[in-house]
Amino acid sequence: MTVTETNPAATDENRPIGFGRLQRKEDPRFVRGKGRYVDDIVLPGMLHGAILRSPVAHAKIVSIDTTEALAHPKVLAVITGKDLEGLNLAWAPTLSYDVQAVLATDKVRFQGQEVAFVVAEDRYAARDALELIDVDYDVLEPVIDVRKALDSDAPVIRDDLADKTNNHIFDWEAGDAAETDAVFARADVVVTEEVIYPRVHPAPMETCGAVADYDPIDGKLTLYETTQAPHAHRTLFALVAGLPEHKIRVISPDIGGGFGNKVGIYPGYILAVVGSIVTGKPVKWVEDRSENLMSTSFARDYIMKGEIAATSDGRILAVRTNVIADHGAFNATAQPTKYPAGFFHIFTGSYDLQAAYCKVTGVYTNKAPGGVAYACSFRVTEAVYLIERMVDVLAAKLGHDPAQLRIKNFIQPDQFPYANKTGWEYDSGEYEKTMRLALERAGYDDLRQEQAEKRQNGELMGIGISFFTETVGAGPRRHMDILGLGMADGAEVRVHPTGKAVVRLSVQTQGQGHETTFAQIVAEEIGIPPEDIEVVHGDTDQTPFGLGTYGSRSTPVSGGAVALATRKVREKAKLIAAAMLEVRPEDLEWEKGRWFVAGDPSSGKTIAEIAMGAHGTVDLPDGIDGNLDAEVTYNPPNLTFPYGAYICVVDVDPGTGHVKVRRFIAVDDCGTRINPMIIEGQVHGGLTDGVGMALMEFIGFDESGNCLGGSFMDYLIPTAMEVPDWETDYTVTPSPHHPIGAKGIGESATVGSPPAVVNAVVDALAPFGVTHLDMPCTPDRVWAAMQGRATPP
Ligand code: MCN
Ligand code: CUN
């Protein structure tokens, strides 16, 4: 990959944050293969669990015969839904106030649903024994086509819910319908398109798993889990299992990628716990790739009817959309309670509008549950794809250049903080500057000229633009909670007597480099080198409470907590330094790493000296008992709104419909940049996601509900072969409310890149009169579009 940075400040190695390219502290263990993942954990006497899954999408369970499996010499337990019913554990609460079957009792509701759990001496025996379980299914008609889920004659999937007579989950709206209708009625131009964001899957390298170790003597459960949110999981386990929180320790060791796949609580985690309680031994459960793809949290699955109203000279006035959201068999999405469609209502994008309205209808189908995953920023992915696709539809209709059309409609710098029409307050932005940098980096005018020349020869070249605004860092507690837990995060900083520090976080890294970047924040604030700061996370016994990592909230929320906790340490250090120097605190000034007497720089104390004083025998001022530490719970005043301008160049093979991504220019703005190298890595990963979703990734189903994306033979993800050398750059527009001005970056590229790729493909196909194509733009779909035929399923 080529790394291209045009900002000369990027080479300033002297600052711990902002410009340094500090290498990742975690990498020495990862590149040596010394990471410690859940599946690396081996406890004395540990047993292994395996899950029997439903082969069909919708069926009554007539009977389950476990006799033969139990007779297997290495099997210690076979657990069914009936057994769990006895423990009141057959159903568990989801993160969306629904319930989900841990093991099916009455019916199975999607292919791959959990039906029985075998605990055996080794993994092979557990798997072998699954085949000895005899389940008699009475197959029912499945609901697969989401458009038919609300038909009056559709089979009712959730007949377990009292009085449920249909497959409707929720209707949710944002914006002002009447105002929007009025603007639409007087607009010169209205464009409409049905835009589908298909079901995809985050597919992290490491699948989900757990090792549960229940100690019957002291009643303590230690649970090693692939989780992005250890504290939230602990509280949920406390509620489900009826154990007090201090008797539960959740440890989330190294995680091999989460991407939202490791936010929810899966039946497998609960079953490992039950298995350990039943057998009195530690139980490990780790799913395989097909189980991961078929049963754990999928992403997207939104059918969106998009509409834009504009003037004939290209002023966008209003947007409107109606969405059918396929939530699968259980409503198990993970998002702030008030927002059943996540933050989808940021679909107004980066544009200054007069009105907006969206309505989202959530429905049950016979598919795996989930919905909020895959670097989605709580459905901002869907929102950005919709608006950025629709702006291109409008540009095509008006015959305007898509870059100029966007620039014309941007929210202007002096309009920030900007209140959009669906209830968000964007914190800061200089959109045009970022867009122009991307155009310049791309050589946009030359590209358009090249395209025109190629079209003369029948060559298909496309240029696609996307300009996205994200909303990340959930969130203010008064607006945002998950199952009643407010979305604030704690941080704790301790400076040891010798001046080395430890910072304890409530969030958990899955590859984002927190061990490095959070040390950098402490280093910046207190002036000791990042190498001397240990980041502790992923263990509820060792870290303060907080809601965890997702929605790119670690930097916006936990990063704020760390900065403020470190500042508290600095202030405490000031009082101690004053005592040590026998001056008044007001007489001290701070420079990186030390307090000194104003006007007498030679007289001062470094943090290490102050730390020793604080732990030693220095006579401390009233109110300071000793030690150098501080704790903060940070409740952010608002979310942060990172953004970016992306330009994709594709070549389409006219003979086969194959799309090649030739170039991709990404200019991101995430405010203050803590670690440029890590940011770049986040962007590279997200862009790769975007190319994958736009061109090849797809979880489909046949009409019986068989999952057609259940292996990497069918669910295609891009490799280095399918992606170009990324061309990245950036602008810096700090968040005015974040303690260090940082906004999130972890999901920006995944959110922003799919529309750039699809817009490029549609642009390439413009000579055929194509104005829209649904993802993934596979060769057969592209080829069919060139023939003027409908998209193949
Ligand atoms: N960062 C920075 N400067 C900023 C913003 C962020 O240096 N202005 C750094 C952070 O300090 C952090 C990383 O970039 O090391 C990502 O930060 P942030 O945007 O706060 O996102 P989170 O740490 O909360 O990570 C979550 C986000 C999500 S929600 C998904 S999904 C996703 C993503 O991160 N999953 C990932 N990126 C991933 N990257 C890897 N390798 N693995 C995953 O599972
Ligand atoms: Cu939506 S995927 Mo990330 O927020 O864990």
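Me: How many nonpolar, polar and charged residues make up the shell around ligand 2?
Reply: This is a predicted model, and in it the shell around ligand 2 has eight nonpolar, four polar and one charged residues.

Me: Which of those residues come nearest to ligand 2?
Reply: G260, A373, C376, Y550 and G551 come nearest, out of the 13 residues around ligand 2.

Me: And ligand 1, which residues come nearest there?
Reply: Around ligand 1 there are 35 residues, and G511, T517, S554, T555 and G746 come nearest. Two or more residues of this shell are given by each of α13 (514-526), α14 and α16 (676-695). The largest share comes from α16, with four residues.

Me: What is the make-up of that shell by class?
Reply: The shell around ligand 1 divides into ten nonpolar, 21 polar and four charged residues.

Me: Which domains does the shell around ligand 1 draw on?
Reply: At least three residues come from each of domain 2 (298-474 + 638-786) and domain 3 (489-634).

Me: How many residues of domain 1 are in contact with domain 2?
Reply: On the domain 1 side there are 18 residues, in contact with 23 residues of domain 2. Helix α8 (residues 289-295) gives the most to the side of domain 1 that touches domain 2, namely five residues. By class, that side of domain 1 has six nonpolar, nine polar and three charged residues.

Me: Changing topic, how many residues are in the largest nonpolar core?
Reply: The largest nonpolar core has 244 residues, and V118, V503, V522 and V761 are those with the most contacts inside it. Helix α14 (residues 554-581) gives the most to this core, with 13 residues. In soluble globular proteins, nonpolar side chains tend to be buried together.

Me: What is V761 in contact with?
Reply: Neighbours within four places in sequence aside, V761 is in contact with G462, V650, V652, V659, L773, C777 and V782.

Me: Back to α14: is L575 in that helix buried or partly exposed, and why?
Reply: L575 lies in helix α14. This residue counts as partly exposed because it has 19 C-beta neighbours inside 10 Å, while a buried residue needs 20 or more.

Me: Which residues does L575 touch?
Reply: Not counting residues up to four places away in sequence, L575 touches P585, P621 and I624. The C-alpha atoms of L575 and D83 are separated by 61 Å, and these two residues are 492 residues apart along the chain.

Me: Where is L87?
Reply: L87 is in the loop between α3 (81-86) and β4 (91-93). L87 is partly exposed, because 14 other C-beta atoms lie within 10 Å.

Me: Now the backbone. Which residues have a positive phi although they are not glycine?
Reply: F259 is one of them, with a phi of about 55 degrees, and R379 has a phi of about 75 degrees. Most residues other than glycine have a negative phi, and most peptide bonds are trans.

Me: Where do F259 and R379 sit?
Reply: F259 is in the loop between β13 (248-251) and α7 (267-279). R379 is in the loop between β18 (370-371) and α9 (380-398).

Me: Are they buried or exposed, and why?
Reply: F259 is buried because 27 other C-beta atoms lie within 10 Å. R379 is buried as well, because 30 other C-beta atoms lie within 10 Å.

Me: And where are there cis peptide bonds?
Reply: The bond from A474 to G475 is cis, with omega near -20 degrees, and G475 is in the loop between β21 (460-469) and β22 (481-482). Another cis peptide bond joins M775 and P776, with omega about -10 degrees. P776 is in the loop between α17 (748-764) and α18 (779-786).

Me: Lastly, what is the mean pLDDT of the chain?
Reply: The mean pLDDT is 96, and 97% of the residues reach 70 or more. Over residues 1-11, however, the pLDDT is below 50. The model scores ipTM 0.99 and pTM 0.97.

Terms used:
Residues are numbered from 1 along each chain as its sequence is written. Chains are lettered from A and ligands numbered from 1 in the order in which they are written. This is a predicted model: local features need pLDDT of at least 70, side-chain atom pairs count only at pLDDT 80 or more; totals for chains, interfaces and linings use all residues. A nonpolar core is a set of buried Ala, Val, Leu, Ile, Met, Phe, Trp, Tyr and Cys residues joined through C-beta atoms within 7 Å. A residue is buried if 20 or more other C-beta atoms lie within 10 Å of its own, exposed if 12 or fewer, and partly exposed in between; C-beta atoms are placed from the backbone. Two residues are in contact if their C-beta atoms, placed from the backbone, lie within 7 Å. pLDDT is the predictor's confidence in each residue, from 0 to 100. A residue is near a molecule or strand if its C-beta atom, placed from the backbone, lies within 6 Å of it. Ala, Val, Leu, Ile, Met, Phe, Trp, Tyr, Cys and Pro count as nonpolar, Asp, Glu, Lys and Arg as charged, and the others, Gly among them, as polar. Domain bounds come from an automatic or database domain assignment.
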